2 protein chains.
Amino acid sequence: MSRNKRDELIRNALKIFYRNGFNATGMDLVAKESGVSKTSIYKHFRTKDELILAVLRLRDEDFRNWLFRRMEDLADTPAGQLLAMFDALEEWFEADGFQGCMFIKASAEFQNPSDAINRQSYAHKELLVDHFARLAGAAGFDAPRALARELLILKEGAIVIAAMSHDPAPAMEAKAIAARLLG
Amino acid sequence: MSRNKRDELIRNALKIFYRNGFNATGMDLVAKESGVSKTSIYKHFRTKDELILAVLRLRDEDFRNWLFRRMEDLADTPAGQLLAMFDALEEWFEADGFQGCMFIKASAEFQNPSDAINRQSYAHKELLVDHFARLAGAAGFDAPRALARELLILKEGAIVIAAMSHDPAPAMEAKAIAARLLG
DNA sequence: AGGAATATTTACAGATCAGTCAACGTAAGG
DNA sequence: CCTTACGTTGACTGATCTGTAAATATTCCT
């Protein structure tokens, strides 16, 4: 299996895990939907957990790249980008196949703090906070890290309610709150 | 199995599902930890999903009772109670065995909008909004429902980050935001 | 006490789970 | 053509999954 094939497998597994959940998805299904045998998968990933970790690494890169670029496209100033995050989120909530945040779900299914999947899920959120804090610092706010954490809470709350209600409205509701924090 | 026994079974199943997750927990484990046979469980609940729905009904009652009473104990005015919600949340986050919100997790594991578990999970959040809106109305706010939705987003965001980070700090971070909305 | 109705149990079915193994196909180098 | 090395496969293991059937305890009414 070439590097391309391997990446394609991870990408395929991502789609299936995101749609079906982690524990609810068997490796047989991943193999079938990816057009390879289960044994081939286990040649590259020693366990299902390792495949999940690879999936989460891909998702982390993809999501941060998408979100940060979208924020840059939508606004020029650092403060404007922080506010524009919620417009980007609304686009995501409205997109076909939106099913909430993969890291929240991974953390919920693998709750043990010593589990690598649990730790890696929260690490994604920390990377988001880092970026928000950089922008908040550049925008001249007094306590950029505290503001970044507040924006993270708004973002995660909006994602959870949008996913549970199958309705993108929380994006703009969270934006209204963020506007007061950033104003 | 008496009504008491049945309730005790549901309560037991709640603990196990909350600790282990829904899909990851087998009915054999529920039976063993509850001290009854699996067949006895299936005499009262036709499927595992029905048991989960009963668990969620119990959790909905327990959690709303606890939260609303705690809010009343901590503050006298409606606006004060809305703010005090975040103090109550902090107590919850600090409690032993805190593992996030059961309804968020249920919704994440049963994502199909036509699934009764999915619908019932969001129904719990709607009941919370109803209560917040009543308090916001009593406090004299202009758009009580909109404010209630914003508080819900703050609450869910705090829960998710507290659970993922294994740290109760998001309670006070969310409270700081709420103070601005309520001030 | 005796028999009917109700609980509860053990044992099992059939499917699916994560993960493995021996056999097979295939491509490169001589 | 032959061998070596390697990627891939179908078939399998033992465990676990949800749910059930037949048999056994227990309760309750007469």
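Predicted model: local features only at pLDDT ≥ 70, side-chain atom pairs only at ≥ 80, totals over all residues.
Trainee: How far apart are the end C-alpha atoms of helix H4 of chain B?

Mentor: Helix H4 of chain B covers residues 48–74, which makes 27 residues. At 1.5 Å a residue, H4 of chain B should span 39 Å. The model agrees with that, as the end C-alpha atoms are 38 Å apart.

Trainee: Which element gives the most to the side of chain B that touches chain A?

Mentor: The contact takes 36 residues from chain B and 36 residues from chain A. On the chain B side, the elements that give two or more residues are helices H6, H7, H8 and H9 of chain B. With 13 residues, the one that gives the most is H8 of chain B.

Trainee: Which helix of chain A do the buried residues of H7 of chain B pack against?

Mentor: Good thing to look for in the structure. The buried residues of H7 of chain B include B:Tyr122, B:Leu128 and B:Phe132. Within chain B, the buried residues of H7 pack against H4, H5, H6 and H8. From chain A, their partner is helix H8 (144–165).

Notes:
Residues numbered from 1 in each chain as written. Chains lettered and ligands numbered in written order. Helix = DSSP H or I, 4+ residues; strand = E, 2+ residues; numbered from the N terminus. Expected span 1.5 Å × (residues − 1). Contact = placed C-beta atoms within 7 Å. Buried ≥ 20, exposed ≤ 12 C-beta atoms within 10 Å, placed from the backbone.
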